[in-house]
Amino acid sequence: AVLLNNIATCSRALGRQKEALQTIRQALALHRELREGRGEDKPGAREGETMANLGLFLMELGEYEEATAVMEEATAVMRRCKGSLDLEVAGILSNLGIMLRRAERFDEAAAKYDEAYRIRVEWLGPKHMKVAETLVNKGVLLL
């Protein structure tokens, strides 16, 4: 499943969006199949990361409704697996903010940026590039 996730990421980088989407969906299906085979009912962090990637791919294709649902689920999984104040959670929140901005859901986007900002400042300090990136994204939203 991890290999499929990586292949999908490479396909996306090469501009093969539809191929990437198909491959990332296969990766997620395999994560779920393996989890169910182990008798586990809750997704783990790797499955959450794959969900987050699927959300990004869907966002790039303009599939905002499905992307939102997938990214929200990825956020919940990663919060459960890594804690609410994890940097990966902040990254997903920031990407979710970008997607919500594109979908013209501005108040929701602002809330995601604010949460990502708080997490990143706590872990990285106020002068880190990721903190600045979050502020730039929120600034674009406010224009």
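**Legends to views of a predicted helical chain**

View 1. The chain exposes about 7900 Å², of which carbon and sulfur atoms supply 53%; accessible areas come from the Shrake-Rupley method with a 1.4 Å probe, and for residues only the protein chains shown count as cover. This is a predicted model, in which local features need pLDDT of at least 70 and side-chain atom pairs count only at pLDDT 80 or more, while totals for chains, interfaces and linings use all residues. Residues are numbered from 1 along each chain as its sequence is written, and side-chain values use heavy atoms, with hydrogens and water left out. The chain carries 21 positive and 22 negative charges, and their mean positions are 4 Å apart. Lys and Arg count as positive and Asp and Glu as negative, without His and the chain ends; each charge is placed at NZ of Lys, CZ of Arg, CG of Asp or CD of Glu.

**View 2. Fold and dimensions.** The chain has 7 helices and 0 strands, where helices (H or I, at least four residues) and strands (E, at least two) are DSSP runs numbered from the N terminus. For 143 residues a compact globule would have a radius of gyration near 15 Å, and the 15 Å of the chain agrees with this; the radius is taken over C-alpha atoms, and the globule rule is 2.2 Å times the number of residues to the power 0.38. Along the principal axes, the C-alpha atoms fill a box of roughly 45 × 30 × 25 Å. Among contacts (heavy atoms within 4.5 Å) with a separation of 6 or more, 55% join residues 24 or more positions apart.

**View 3. Thr50 in helix H3.** Thr50 lies in helix H3, residues 45-60. Thr50 counts as buried because its relative accessibility is 0%; buried means under 20% relative accessible area, exposed over 50%, and partly exposed in between (1.4 Å probe, protein chains only). Neighbours within four places in sequence aside, Thr50 contacts Asn5, Ile24, Ala27, Leu28 and His31. Of the 143 residues of the chain, 40% count as buried.

**View 4. Asn137 in helix H7.** Helix H7, residues 129-142, holds Asn137. With 13% relative accessibility, Asn137 counts as buried. Apart from neighbours within four places in sequence, Asn137 touches Ser94, Ile98, Arg101 and Tyr113.

**View 5. Cys10 and Cys81.** Cys10 counts as partly exposed at 47% relative accessibility, and Cys81 counts as partly exposed at 32%. The structure holds 0 disulfides, a disulfide being a pair of cysteine sulfur atoms within 2.5 Å.
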